[in-house]
Amino acid sequence: DTMRRVVRQSKFRHVFGQAVKNDQCYDDIRVSRVTWDSSFCAVNPRFVAIIVDASGGGAFLVLPLHKTGRIDKSYPTVCGHTGPVLDIDWCPHNDQVIASGSEDCTVMVWQIPENGLTLSLTEPVVVLEGHSKRVGIVAWHPTARNVLLSAGCDNAIIIWNVGTGEALINLDDMHVDMIYNVSWNRNGSLICTASKDKKVRVIDPRKQEIVAEKEKTHEGARPMRAIFLADGNIFTTGFSRMSERQLALWNPKNMEEPIALHEMDTSNGVLLPFYDPDTNIIYLCGKGDSSIRYFEITDESPYVHYLNTFSSKEPQRGMGFMPKRGLDVNKCEIARFFKLHERKCEPIIMTVPRKSDLFQDDLYPDTAGPEAALEAEEWFEGKNADPLLISLKHGYIPGKNRDLKVVKKNILDNKPAANKKSDLINAPKKASDASNAQNEAKLDEILKELKCIKDTISSQDERISKLEQQVAKIVD
């Protein structure tokens with residue numbers, strides 16, 4: 001009875017989901033068939049990115065949001081990885097920067113041109129190398145610029161300063177088994193992880209210590225998920241010993257017993273949680289399900305309140321979740337999903353029915369904006385900051401993004417950079433001339449090698465076309 005009463009007072013009681021019309025979908029996309037439990041899709045107010053099938057390597061599509069309809073087979077992709085792409089994540093502080101993790105053990109960070117791709121993109125801004133096995137998780141820091149986390153099947157978590165291309169924190173001895181997912185808390189001071197050993201760990205990455213952990217968060221053997229909520233609690237999804245899907249709420253200060261634990265059903269798809277900190281609603285999208293269930297989290301019992309289910313006919317292969325600033329506030333839209341089918345991506349819009357056309361400020365409290373609250377260096381030195389909030393009263397207009405510049409630390413000569421001003425002033429000019437000459441010689445060498453490779457490729461091309469002609473003759 002308490003559950004019924006509390007929920008009825010919620011303004012989200014009547015949230016309803018609606019798939020867009022066919023001509024507003026993205027059609028004829030070969031969604032990746034890799035068996036990996038990531039969402040395969042990432043969206044922001046400018047673009048939708050989708051991991052696709054690619055022969056001989058890994059690729060993902062990046063489409064401007066308005067580019068709906070049938071996507072041409074020859075549409076350019078982002079295709080620099082040599083193995084399948086397993087996870088992608090848009091930078092929260094720059095709508096043109098996206099990171100990808102791949103089976104080729106690398107993380108790559110890409111700068112997408114303002115109006116989308118006209119040619120396939122093969123050159124990342126930076127390649128981050130440090131994992132020894134495939135990289136299945138990438139997640140940007142919520143408030144610090146250029147801080148990126150990656151987790152691989154080597155059971156290691158690495159935190160990078162993308163601006164310098166360096167790995168600054170390597171947590172390689174905290175997990176004994178595969179990491180299923182990693183989630184930053186609201187200000188990015190902690191992370192929580194769910195792992196195959198059935199443990200959920202709360203980690204302070206800068207102190208490199210485990211702050212809290214819970215064994216057998218869910219008793220079942222199938223994959224779990226754990227995410228931080230805005231108030232610092234942790235929400236998990238997993239399976240019971242009888243293979244029923246469960247969701248639970250935990251207080252990291254006391255992980256003995258869950259605040260709430262609910263059993264849902266006996267489907268076997270992994271439940272991917274998507275969380276909106278502004279409304280405290282969690283949307284659960286099971287891989288292979290054809291529904292999205294949503295729940296409101298409050299501080300009154302039973303804490304996790306079932307709101308409703310959006311059902312459709314087709315199962316989902318993956319799901320993208322639009323940040324709040326990309327929604328249409330005039331239509332009382334509180335969430336937008338990008339559901340991946342086998343051959344298309346279908347936006348699903350969640351709205352709260354309201355009679356008034358005015359801006360509904362109770363639905364749209366100030367939300368995280370695109371400005372970073374900290375620089376990478378400040379965060380690594382120990383500073384914390386909450387997200388910088390913006391009002392959505394007049395809608396959100398994407399501004400101009402600055403290009404991502406990566407200043408590698410003097411990799412060519414591997415000499416420590418001169419730091420003190422006096423050293424710089426007194427350093428004789430000869431040294432810099434010598435190093436310039438050295439660099440130029442290196443550059444010449446590289447260019448020669450490039451030319452050589454290009455020549456080889458073109459001669460092989462000619463050979464291939466001759467052979468193709470011969471084959472054609474034989475076939476005819």
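A contact here means heavy atoms within 4.5 Å. The model is predicted, so local features need pLDDT of at least 70 and side-chain atom pairs count only at pLDDT 80 or more, while totals for chains, interfaces and linings use all residues. Residues are numbered from 1 along each chain as its sequence is written, and side-chain values use heavy atoms, with hydrogens and water left out.

**Figure 1. The whole chain, for orientation.** Among contacts between residues at least 6 apart in sequence, 53% join residues at least 24 apart. The chain holds 4 helices and 32 strands (DSSP runs numbered from the N terminus: helices are H or I with at least four residues, strands are E with at least two). With a radius of gyration of 24 Å, close to the 23 Å of the globule rule for 476 residues, the chain is as compact as a globular protein of that length (the radius is taken over C-alpha atoms, and the rule is 2.2 Å times the number of residues to the power 0.38). Of the 476 residues, 50% count as buried (buried is under 20% relative accessible area, exposed over 50%, partly exposed in between, with a 1.4 Å probe and protein chains only).

Figure 2. Residues 128-170 are 56% strand and 0% helix, and their end C-alpha atoms lie 13 Å apart. For residues 172-213 the end C-alpha atoms lie 17 Å apart, with 50% strand and 0% helix.

Figure 3. Leu443, Ile446, Leu447 and Leu450 form the patch, with about 370 Å² of accessible area together. Leu450 lies in helix 4 (residues 429-475) and counts as partly exposed because its relative accessibility is 43%.

Figure 4. Most residues other than glycine have a negative phi, and most peptide bonds are trans. Asp28, in the loop between strand 2 (26-27) and strand 3 (41-43), has a positive phi of about 65°. Gln208, between strand 18 (200-204) and strand 19 (209-214), has a positive phi near 55°. The peptide bond from Ser301 to Pro302 is cis, with omega near 0°, and Pro302 sits in the loop between strand 26 (291-297) and strand 27 (304-311).

Technical notes: Patch = residues over 30% accessible without salt bridge, like charges linked within 9 Å, V, L, I, M, F, W, Y side chains within 5 Å. Areas by Shrake-Rupley, 256 points an atom, 1.4 Å probe, with all protein chains shown as cover. Salt bridge = Lys/Arg side-chain N within 4 Å of Asp/Glu carboxyl O.
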